[in-house]
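Student: Could you help me learn to read a protein model, one feature at a time? I would like the general idea before each case.

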Amino acid sequence: LGEAIRHAPALQSISLGLFRISDEAAKALVEAIRHAPAQQSISLTFKNARDEAVKALVEAIRHAPTQQSISLTFESIGDEAVKTLGEAIRYAPVLQSITLVFWNASDEIAKAIGEAIRHAPAQQSISLT
């Protein structure tokens with residue numbers, strides 16, 4: 001999958017359901033996302049994903065210069081992954097639309113994401129569940 005994404009130069013949108021993704025598979029996807037120059041929209045669903053995999057994928061989104069829209073669903077997410085997500089949202093230069101769905105989210109998660117969204121420079125649309 002990573003190779004297919006990497007060799008699709010006109011690819012603008014990625015939508016994946018990630019169930020029990022390994023750190024190795026996450027690293028391959030990270031590299032693919034980083035090398036998708038036209039990518040503008042990404043939708044990822046994480047179920048039983050380890051924090052390291054989530055952090056790696058979110059970090060790739062952060063460094064995607066054309067990323068305009070993210071839609072992320074988390075069955076569960078750890079504090080470190082939330083911090084990485086917050087940084088990605090805060091510093092994504094052209095990110096305009098954010099959709100986040102958290103199952104079993106704590107108050108700390110809500111605070112961290114709220115603070116990040118408050119500082120997102122190009123933010124135009126937010127949907128939180």
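Tutor: Gladly, and we can begin with helix axes: axes are lines fitted to C-alpha atoms, for helices over the stretch in contact, and angles run from 0 to 180 degrees between N-to-C directions. Helices (H or I, at least four residues) and strands (E, at least two) are DSSP runs, numbered from the N terminus. This is a predicted model, where local features need pLDDT of at least 70, side-chain atom pairs count only at pLDDT 80 or more, and totals for chains, interfaces and linings use all residues. Residues are numbered from 1 along each chain as its sequence is written, and side-chain values use heavy atoms, with hydrogens and water left out.

Student: How do the axes of α3 and α4 cross?

Tutor: Two packed helices are described by the angle between their axes and the distance between the axes. Here the axes of α3 and α4 come within 9 Å and cross at roughly 5 degrees. Angles under 35 degrees count as roughly parallel, over 145 as roughly antiparallel, 65 to 115 as roughly perpendicular and the rest as oblique. Therefore α3 and α4 are roughly parallel to each other. On the α3 side, the residues making the contact (heavy atoms within 4.5 Å) include V54 and V58, and on the α4 side they include L85 and A88.

Student: Which strands are joined by bridges to β2 and β3?

Tutor: Two strands pair if DSSP finds at least two bridges between them. Strand β1 (residues 13-19) runs parallel to β2, with 7 bridges joining them. Next, 6 bridges link β2 (residues 41-47) to β3 (residues 69-74), again running parallel. Finally, β3 is joined by 6 bridges to β4 (residues 97-102), also in parallel. You can find some opposite residues yourself: F19 faces K47 in β2, F46 has F74 in β3 as its bridge partner, and S71 stands opposite T99 in β4.

Student: How does the chain cross from β3 to β4?

Tutor: A crossover is right-handed if, with the strands pointing away from the viewer, the path from the first strand over the helix to the second runs clockwise. From β3, the chain passes through helix α4 (residues 79-91) to β4, in a right-handed β-α-β crossover.

Student: Which residues have the most contacts inside the largest nonpolar core?

Tutor: In soluble globular proteins, nonpolar side chains tend to be buried together. A nonpolar core is a set of buried Ala, Val, Leu, Ile, Met, Phe, Trp, Tyr and Cys residues joined through side-chain atoms within 4.5 Å. The largest one here has 40 residues, and L44, F46, L57, L72, L85 and I89 have the most contacts inside it. Elements giving two or more residues to this core include β1, β4 and α5 (107-118), while α3 gives the most, with 6 residues.

Key
Buried < 20%, exposed > 50% of the residue type's maximum accessible area, 1.4 Å probe, protein only.
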